[in-house]
Amino acid sequence: MIIGEVLIARNVITRKELETALDVQRDKLFQRGVAVPLGKVVVELKYATEAQIVQAVNEHYRIHVTSLSDNIRGLIRRIGDSLTEEVPAPRVPIWLQLSVTMTVVMLLTVGLLSYVILERQKEKLYNHAVKLGMVSLGYFGSNAKTLLLEDNILSLNALIKNAEGVDGHLYALIVDNKEVIKAHTDASQIGKTMVRYPPTGEVESRGEVTYFTHDGGGVGPVLNMSVPIIFKEKRLGEVHVGLSIDFIDQLFLEERAFLAISTMIIGLIGLVVAVLFGRRFSKPISSLVVATQEFAKGNYSHRVDSRRNDELGRLATAFNRMGKELFKQSMMRESFGKYVGSDVLELIMQNPETTWLKGRKNQATVLFADIRGFTAYTETRAPETLVEELNQYFEIATTIILKHGGYVDKFIGDAVLAVFGVPVNYENHSERCLRAAVEMQKAFRQAAESGRNPLLSRVGISIKSGVVVAGSIGSQAKMEYTVIGDTVNVAAYINTLAQGGEIVVGSIVMERHRDILEVESLVPQKVKGRSGLVEVYRVTGIRGYGK
């Protein structure tokens, strides 16, 4: 059974995860040239732990191994079963596919063309040899008429000797009507009766010329050609010429060697051109693959060379444009994520057009953090030091607020406005806010005691629960998601009652968490715009946190 199917059957991985793991395994095989076991790929992708894979194999085959490095296959063979691993074939680069395809097509075309040319060339060479023999026969026949009548043996042999200087001619001879050799390139044959060569092939003729092939013994096959010597319609004898077939074949072999070398050169040039051509088209595709991988890693600043003036160039331009847009979105996501927690950010990104942007009333808890005596403090500090201390203060505050699921609404000078319960509606928003405030004061106190930032010991925090109006407020040029309403105003007002290191809360927060809060009552406050007094409590401790 294939190991991937074993893991699916044991619910260790899903079918989709197996397909992804096989793709990764194929890529690794192509990159390294060595197959990486599928189990290790699954572990690297964090689809399952090594322990889960080992357990699945042990349970399925009823063996006992402790890691993927053990001899699993050997143990399985002992029980008569088999464990196979579907190792996917490595991906073949497109440039190599194009190069091989173009080279094979080119070689087949050139090879077929060469074969046709060679066959035609062979026929032409044979015909050329026949014509050459006919020219020799015509020359000898014309000049031998008078000499043969006069029986001038010396002149006839002087004439025949001319055949020895012609390429491919093995012999030439003149016989009379009685088949007596009057002239021959081999002087020892003069005066003998001619012995006819038995043809090894079909006897052919062109006009008065007759020709056929015969076995020439040590010189190989010979093309014998003959023509009668006619003088005033009277046959005086015959002229015979023997042409070497090997000489014709040698000419053919030379032509074939030339074509073979030409084919190799063309093939080599074609291979180089095909590789360059394939690389030209595959390189942009490989760049796009790399860009996709970089985008998947979050590297949206990666760019693809788009200087081509074709479809691939336009595709690269589109990829770069997409990278810019993704970079902008990631920057927006990262920037906005500094003000809201990851859960809030996911809600916003998944539902950008939903009602969280529109105004609505919600039960929420508002937190104000402000530095006491900040104006006077700024007069004694250098601007660079002051900015550094403020940034540390905001860093601690926002980190803890986001940790507890709050939303940093805004910074107002040296004050921080945060809200719990919007845009994500937590049932325990007031408890989250309270715990965040306690943790913030603890962090401020520890940082201040280190002596690096005395500003942190002056932070007072106020908390108020109630109804708020949340939504995106502003103009077309600038929008801001914020909370407004009586609860926000009261939280800001009672913040003046919190001294450095203190937390004050409204009555609703105190009533909800009476069981964990230790408080002391402050003088009820008259808030502008409200008919009654606002009850305020100073937190002296929270069970599980201390003061």
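Reply: Helices (DSSP runs of H or I with at least four residues) and strands (DSSP runs of E with at least two) are numbered from the N terminus. This is a predicted model, in which local features need pLDDT of at least 70 and side-chain atom pairs count only at pLDDT 80 or more, while totals for chains, interfaces and linings use all residues. Residues are numbered from 1 along each chain as its sequence is written, and side-chain values use heavy atoms, with hydrogens and water left out.

Ala448 is found in helix H13, which covers residues 429–449. The helix has 21 residues and reaches 30 Å from its first C-alpha to its last, close to the 30 Å expected at 1.5 Å a residue. The expected span is 1.5 Å times one less than the number of residues in the helix.

Start with a pair of charged residues in H13. Glu431 and Arg435 both lie in this helix, 4 residues apart, or about one turn. An α-helix has 3.6 residues a turn, so residues three or four places apart point the same way. Glu431 and Arg435 form a salt bridge, their closest N and O atoms being 3.0 Å apart. A salt bridge is a side-chain nitrogen of Lys or Arg within 4 Å of a carboxyl oxygen of Asp or Glu. The next term is accessibility: a residue is buried under 20% relative accessible area, exposed over 50%, and partly exposed in between (1.4 Å probe, protein chains only). Glu431 has 26% relative accessibility, so it counts as partly exposed. Arg435, at 23%, also counts as partly exposed. The structure holds 15 salt bridges.

Contact means heavy atoms within 4.5 Å. Leaving aside neighbours within four places in sequence, Ala448 is in contact with Asn453, Leu456 and Ser457. The C-alpha atoms of Ala448 and Arg458 are separated by 9.3 Å, and these two residues are 10 residues apart along the chain.

After the helix comes Gly451, whose phi is positive, near 85°. Asn453 is found in the loop between H13 and strand E10, which spans 459–474. Is Asn453 buried or exposed? Its relative accessibility is 0%, so Asn453 counts as buried. What does Asn453 touch, not counting residues up to four places away in sequence? It touches Glu389, Gln392, Tyr393, Ala447 and Ala448.

The side chain of Asn453 reaches the backbone oxygen of Glu389 at 3.1 Å. A polar contact is a pair of N or O atoms within 3.5 Å; within protein, one must be able to donate a hydrogen and the other to accept it, and residues adjacent in sequence count only if both atoms are side-chain atoms.

Glu389 has a further partner. Its side chain meets that of Arg381 in a salt bridge, at 2.6 Å from N to O. Which end of this pair is buried, and which is partly exposed? Glu389 has a relative accessible area of 3%, so it is buried. Arg381 has 30%, so it is partly exposed. For another pair, Lys182 forms a salt bridge with Asp176, with the closest N and O atoms 3.7 Å apart. Both Lys182 and Asp176 are buried.

Asn143 is found in helix H6, residues 94–149. Its relative accessible area is 38%, so Asn143 is partly exposed. The side chain of Asn143 reaches the backbone oxygen of Tyr139 at 2.7 Å.

Last, the chain as a whole. The protein chain has 15 helices and 16 strands. Buried residues make up 40% of its 547 residues. Of the contacts in the chain with a separation of 6 or more, 60% are between residues 24 or more positions apart.
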